[in-house]
Amino acid sequence: KHRRCNTSCEDVKPFTPEKTKEIVMSLQQPAVFCNMVGDWPALHWNAKYLSAVLDGKMIQFRLGLKTVDLVPQFETRCSYVMATLEEFLAWSCGQPSCLSGPFSCYEYSKYWAYADYKYIARIFEDKPEIFQDIRWSDFGFPGRSGKESTLWIGSEGANTPCHLDSYGCNLVLQVQGRKRWHLFPPGDTSFLYPTRIPYEESSVFSKVNVANPDLKHFPEFRNTTAHVVTLSPGQVLLVPRHWWHYVESIDPITVSINSWIELDADHEARVEEAITRMLVCAIKSAENPSDGDLWLNPTEVEATSHEINLQYLNKAVSEYFKCQKASVSEQACSSSTGAEQRTSASCKRKKREVGCEPEGYRLLTHEFGFSTFKAEKLQKIPFGPHLIQVLPQSQETSSMGAVASDTRNLHEDEGGHFGKLHSTRKQLVMSNDCEMPAHQVDSDSSPNASQTALSTNDLLDCLVNPHVINLVARLLCETSMA
């Protein structure tokens with residue numbers, strides 16, 4: 001009897017899957033779920049355990065300098081090595097065996113290493129049973145497991161440059177160590193100086209190194225509203241759609257798992273991303289490349305041709321209009337009388353399957369928000385010990401270099417990229433070249449470079465600014481309808 005009681009108590013979650021999904025799909029501010037994953041086998045996925053499971057499998061690590069510069073450490077400016085998790089753990093512990101290993105060029109006191117964005121489905125393809133260790137069904141997404149998730153393993157200081165994701169919202173489970181998240185609302189976009197260089201489909205990067213902002217060159221950053229949270233093991237962070245985030249590992253070893261949840265608004269975002277890709281590829285491919293002009297992120301193996309990009313644009317627009325038609329059908333179903341509720345319910349199921357816009361969605365309105373019914377549900381969000389708001393932090397107290405107090409971490413306040421939801425992220429495996437240090441930065445990317453001559457990148461920052469692209473997408477879709 002006693003054992004049965006313990007089992008039932010352990011199985012009790014603070015929110016049902018249906019309620020959790022309602023929160024995830026309606027909440028437009030970051031929040032931390034507590035006590036939702038206590039029975040997940042994935043909670044035991046520390047780096048040592050994963051090293052044993054991977055059994056000597058080589059994975060790619062990105063390395064960057066721990067010293068904080070005024071310029072963000074974009075992935076194009078990092079070094080890359082192929083190594084085993086065992087070698088990574090030995091290096092992070094300072095073992096002598098690392099003197100001749102893949103990390104031998106990188107002194108632990110000076111560098112961090114990040115095995116970031118690893119598709120669980122790919123690295124554990126020969127062990128599919130492990131996918132079930134991750135149970136996103138508890139969050140209202142039945143059938144979603146490790147197969148639709150990614151793994152992040154880093155050393156202290158490992159970070160992802162500040163960016164927003166064009167698609168979906170993000171659920172992040174912290175497994176080992178702590179990570180500090182600096183989040184900024186979609187309304188802060190202009191204050192974060194968005195850029196598409198380096199180019200990665202679905203990631204809009206910020207020119208600002210939010211860990212050490214250059215306020216002389218980016219004065220508007222003062223107007224941002226930082227939401228900072230330290231995520232601890234067993235907690236799950238919700239990053240809503242289009243929230244900017246800079247993520248840093250603050251413990252010696254960190255492990256986290258995330259899954260991007262598809263949203264209705266992704267249909268609109270795909271049109272915008274197709275336009276952006278066409279413009280960036282066309283203009284940068286036409287330019288005579290200068291030494292060190294690493295405009296393509298390592299996640300994008302090659303610049304696709306104009307013809308392929310045009311096909312992609314047409315497909316994105318076509319899919320968008322399919323969704324619009326299905327949305328009209330959904331509205332017709334929604335207006336049915338009470339006697340037709342069964343028919344209406346079947347339409348709602350169909351809407352979820354095709355992933356169309358909710359009722360009341362207007363053509364390409366880009367207000368970083370969702371439909372009215374979600375705003376109404378926001379009033380019912382059950383904040384408390386099991387769902388903690390990530391609150392705004394004044395700029396005076398959010399000096400990014402300062403370590404937040406652990407006693408306030410949940411109130412103070414890994415991830416990016418096209419591959420997150422709709423495509424296989426392409427990996428460019430770079431050689432272990434000790435002559436290409438992580439701190440190598442070309443002169444054009446330095447904030448101290450001459451401002452007298454406008455560059456191609458300056459032009460692109462204006463042409464593919466998110467607000468401009470949204471307007472172009474709207475006009476393009478209106479033209480397609482004519």
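Because the model is predicted, local features need pLDDT of at least 70 and side-chain atom pairs count only at pLDDT 80 or more, while totals for chains, interfaces and linings use all residues. Residues are numbered from 1 along each chain as its sequence is written, and side-chain values use heavy atoms, with hydrogens and water left out.

**Overall picture**

The protein has 12 helices and 15 strands, where helices (H or I, at least four residues) and strands (E, at least two) are DSSP runs numbered from the N terminus. Of its 482 residues, 53% count as buried; here buried means under 20% relative accessible area, exposed means over 50%, and partly exposed lies in between, with a 1.4 Å probe and protein chains only. The accessible surface comes to about 22000 Å², and carbon and sulfur atoms account for 54% of that area, which is computed by the Shrake-Rupley method with a 1.4 Å probe.

**Nonpolar cores**

A nonpolar core is a set of buried Ala, Val, Leu, Ile, Met, Phe, Trp, Tyr and Cys residues joined through side-chain atoms within 4.5 Å. The largest one has 55 residues, and those with the most contacts inside it are Phe-33, Trp-45, Phe-61, Phe-88, Phe-124, Phe-139 and Leu-151. Apart from this core lies another, of 23 residues, which has Tyr-167, Leu-313, Ala-316 and Val-464 among its members. Leaving aside residues up to four places away in sequence, the residues in contact with Phe-61 include Tyr-80, Val-81, Leu-85, Phe-88, Phe-103 and Tyr-114, contact meaning heavy atoms within 4.5 Å.

**An enclosed strand**

Strand 6 is joined by 3 bridges to strand 13 (residues 244-249), and the two run antiparallel; strands count as paired if DSSP finds at least two bridges between them. Within this pairing, Asn-159 stands opposite Glu-248 of strand 13. Strand 6 is also joined by 3 bridges to strand 10 (residues 203-206), again in an antiparallel arrangement, and there Leu-164 has Val-204 as its bridge partner.

**Salt bridges**

Across the whole structure, 16 salt bridges are found, each being a side-chain nitrogen of Lys or Arg within 4 Å of a carboxyl oxygen of Asp or Glu. The table gives three of these pairs.

| Pair | N to O distance |
|---|---|
| Arg-178 and Asp-251 | 2.9 Å |
| Arg-277 and Glu-201 | 2.7 Å |
| Lys-322 and Glu-319 | 3.3 Å |

Arg-178 counts as partly exposed at 21% relative accessibility, whereas Asp-251 is buried at 17%.

Arg-277 belongs to helix 6 (residues 266-286) and Glu-201 to the loop between strand 9 (194-200) and strand 10, so this pair ties together parts that are 76 residues apart in sequence. Both Arg-277 and Glu-201 are buried.

Lys-322 and Glu-319 are 3 residues apart in helix 7 (residues 306-334), and are therefore separated by about one helical turn. Lys-322 is exposed, with a relative accessible area of 51%, and Glu-319 is partly exposed at 31%. Elsewhere, salt bridges that share partners join Lys-13, Asp-39, Arg-135 and Asp-138 into one network.
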